[in-house]
Amino acid sequence: VGTTQAYAEWVPVLFRPERTALSGTPANLRGLQVRTAVIWGREDTLTPLPQGERIAGLIPGATLDVLDRVGHIPHLEAPGSFERLLLQRLEAMAGSGG
């Protein structure tokens, strides 16, 4: 109940030229001090792989894993592969001190 209305209010936000996101500033990404795993779809046309490579390169110690034949929404397009990869990364992070 209310899903259609919620989408109607949310979708237009996607098309506003919002430039205030903290993640849009390279210095903020460089300043992250949490372990970060970046998982990207090789076929992503909305935010292409070079953007993922750039983001992962800015975050100290970040890993980047690319799923082949996957687009913008890896957890929906390839849930099994995404879950296996995510669990591997989380286990590796936990094994290296959290």
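User: Before we start, what does "buried" mean here?
Analyst: Buried means under 20% relative accessible area, with a 1.4 Å probe and protein chains only. Keep in mind that this is a predicted model.

User: Got it. What share of the residues is buried, then?
Analyst: Of the 98 residues in the protein, 21% are buried.

User: What about the fold, how many helices and strands?
Analyst: Five helices and two strands. Starting at the N terminus, the order is α-α-β-α-β-α-α.

User: How does the radius of gyration sit against a compact globule of 98 residues?
Analyst: The protein has 16 Å, whereas such a globule would be near 13 Å. The C-alpha trace spans about 45 × 35 × 25 Å along its principal axes.

User: Of the contacts with a separation of 6 or more, what part comes from residues 24 or more positions apart?
Analyst: Those pairs account for 66%.

User: Switching to the surface: which residues form the nonpolar patch?
Analyst: Tyr7, Trp10, Val11, Leu14 and Phe15, and together they have about 590 Å² of accessible area.

User: Where's Phe15 found?
Analyst: Phe15 lies in the loop between α1 (3-10) and α2 (26-30).

User: And why does Phe15 count as exposed?
Analyst: Because its relative accessibility is 67%, and exposed means over 50%.

Conventions
Residues numbered from 1 in each chain as written. Predicted model: local features only at pLDDT ≥ 70, side-chain atom pairs only at ≥ 80, totals over all residues. Heavy atoms only, no water. Patch = residues over 30% accessible without salt bridge, like charges linked within 9 Å, V, L, I, M, F, W, Y side chains within 5 Å. Areas by Shrake-Rupley, 256 points an atom, 1.4 Å probe, with all protein chains shown as cover. Salt bridge = Lys/Arg side-chain N within 4 Å of Asp/Glu carboxyl O. Helix = DSSP H or I, 4+ residues; strand = E, 2+ residues; numbered from the N terminus. Rg over C-alpha atoms; globule rule 2.2 N^0.38 Å. Contact = heavy atoms within 4.5 Å.
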